[in-house]
Amino acid sequence: MSTHSKAAAKFIADAERTAWHDKALYAVREKRDKMARTVPEWEDLRRMSSEIKRHTLSHLGHYLEEFERNATANGMAVHWAADADEMNATVWRLVQEHGGRNLIKSKSMLSEECGLTPYLRERGVDAVESDLGERIMQLLELPPSHIVLPAIGVRREEVGELFEREFGTEHGNSDPTYLTHEARRQLRPMTGVNFAVASTGTLAVCTNEGNADMGTSFPDLHIAIMGLEKVIPDMRALAVFTRLLARSGTGQPVTSYTSLYRKPAPGKRIHVVIVDNGRSEWLADAAHRNMLKCLRCGACMNTCPVYRRSGGYSYSYFIPGPLGINLSMLRSPKLHHGNVSACSLCYSCSDVCPAMIDLGEQIYAWRQELAPMHLADPVKKLTVKGMDFIMGGRRRFYGGIALARVAEHLPHAVLNNRFNPWSAPGRDMPPFAPKTFNALWKRGEVKSGKMSKDE
């Protein structure tokens, strides 16, 4: 059993939550499909997105330098960080220089990747999440379980109880509107970056709650952190991505707030920290560099049948789902290879990706790379060798089928027990078909790809 399967057992044990989580996320997938159908040029936009990203990544040094040059001319300060430690230290230094003790954060997966919040907390800086979902998870002392919908796994009743405990809200009141207003009241007394436009030195930040605008309007210091793959050539490219991002991620025509930061207001400062943290190495990996095209919309998670039914915490990486499987393997195959089994290879993730990333195909490729890296499951390797032997000869193959049909008549506990990975409470081995396809073909019961009605 893979590490993912073991971790998923707790989530799956709550059948009601599993069904609710599955339904809620697929509803977002359906909204995405509905929105896509309203845009006749949808597939053209996806192709353009993929091509823009491929071009930018092929000329990454040029566009990063162009962005730095224009952003500096606009009055921003640009910093470079080779890894997570350097990024965290840079943010800490900037906060110190401005005498800050509090940091209001807009949702940023890069800060999760680099462990910024605990790093600052250890140094006496209270980093408060301003995104409602992120704030809920922060109060629960849990990481987000989705990159766009961080609290998707938490029922509103649980949020009501949390806010009653933390903020003294009305007992038993779990009305979403009421809870949202209370959260805003608490949060209003640093942003990530969705896109960095090289030609103008502009930062684009997309939110649905306006939390980024609120967080950057009052303080004198705005720190923006971005992975180096976030840079794009120009405003025309930005128009392509903004048409795809919200439609893919949440089924909206556009995010409620798409804020462009170009020049700091009088008396204020904007610092941009451009972070590598392994991305240069990923760019050199021809088989998997497409992951740097990702827009972080979360569409692959919303459609993934495994993620929807196993929850975000069943994955060993802080990003779950198809995206997380691929990124975690780029980060450390030794630590995260257990995630690659969390995929049915349905390729639905590849079909919905707005940047046309071959997510499912890359997961399949990672599976082929496990054996050479000596990370393949020995039980699975033995099983594959056994199947290869049986299916490698006609007599062995049909003999195996005959034995399987005999085994079906053995006592239930012989096939369905703890030694059979397939067997679980409520799940038995599926019955074998009464006739093989070869037998049906020989008897003329298969014609033009159709079987007779009784089959």
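Arginine 296 of this predicted model is found in the loop between helix H13 (279-283) and helix H14 (299-303), helices being DSSP runs (H or I) of at least four residues and strands DSSP runs (E) of at least two, both numbered from the N terminus. Phi of arginine 296 is near 60 degrees, a positive value in a residue other than glycine. At 17% relative accessibility, arginine 296 counts as buried; buried means under 20% relative accessible area, exposed over 50%, and partly exposed in between, with a 1.4 Å probe and protein chains only. Histidine 374 also has a phi near 60 degrees, again a positive value in a residue other than glycine. Histidine 374 lies in the loop between helix H19 (359-370) and helix H20 (378-391) and, with a relative accessibility of 72%, counts as exposed.

Residues are numbered from 1 along each chain as its sequence is written. Because the model is predicted, local features need pLDDT of at least 70 and side-chain atom pairs count only at pLDDT 80 or more, whereas totals for chains, interfaces and linings use all residues; side-chain values use heavy atoms, with hydrogens and water left out.

The secondary structure of the protein chain comes to 23 helices and 11 strands. Along the principal axes, the C-alpha atoms fill a box of roughly 85 × 55 × 45 Å. Of the 455 residues of the protein chain, 50% count as buried. The accessible surface comes to about 23200 Å², of which 56% belongs to carbon and sulfur atoms; accessible areas come from the Shrake-Rupley method with a 1.4 Å probe, and for residues only the protein chains shown count as cover.

Phe11, Ile12 and Ala13 of H1 and Ala15, Arg17, Thr18 and His21 of H2 make the contact, where contact means heavy atoms within 4.5 Å. Threonine 18, in helix H2, counts as buried at 12% relative accessibility. Leaving aside residues up to four places away in sequence, threonine 18 touches Phe11, Ile12, Arg308 and Arg309.

Side chains of opposite charge can pair when their charged atoms come close. The whole structure holds 18 salt bridges, each defined as a side-chain nitrogen of Lys or Arg within 4 Å of a carboxyl oxygen of Asp or Glu. Aspartate 14 and arginine 17 meet through their side chains in one of them (3.6 Å, N to O). Aspartate 14 is partly exposed, at 31% relative accessible area, whereas arginine 17 counts as buried at 15%. In the salt bridge between arginine 32 and aspartate 33, the closest N and O atoms are 2.8 Å apart. Arginine 32 is buried at 8% relative accessibility, and aspartate 33 is buried at 14%.

A further salt bridge joins the side chains of lysine 105 and glutamate 129 (2.9 Å, N to O). This pair links distant parts of the chain, with lysine 105 in strand E2 (residues 102-105) and glutamate 129 in strand E3 (residues 126-129), 24 residues apart. Both lysine 105 and glutamate 129 are buried. Elsewhere, Glu113, Glu229, Arg279 and Arg331 are linked in a network of salt bridges.

Alanine 204 is found in strand E5 (residues 202-207) and is buried, with a relative accessible area of 0%. Its contacts, not counting residues up to four places away in sequence, are with Val193, Asn194, Phe195, Leu238, Ser259 and Leu260. The C-alpha atoms of alanine 204 and valine 275 are separated by 16 Å, the two residues being 71 residues apart along the chain.

On the surface, Leu410, Val414, Leu415, Trp422 and Met429 form a nonpolar patch with about 420 Å² of accessible area together. Patches are made of residues with over 30% relative accessible area and no salt bridge, like charges being joined within 9 Å and nonpolar side chains (Val, Leu, Ile, Met, Phe, Trp, Tyr) within 5 Å. Valine 414 is found in helix H22 (residues 412-415) and is partly exposed, with a relative accessible area of 47%.
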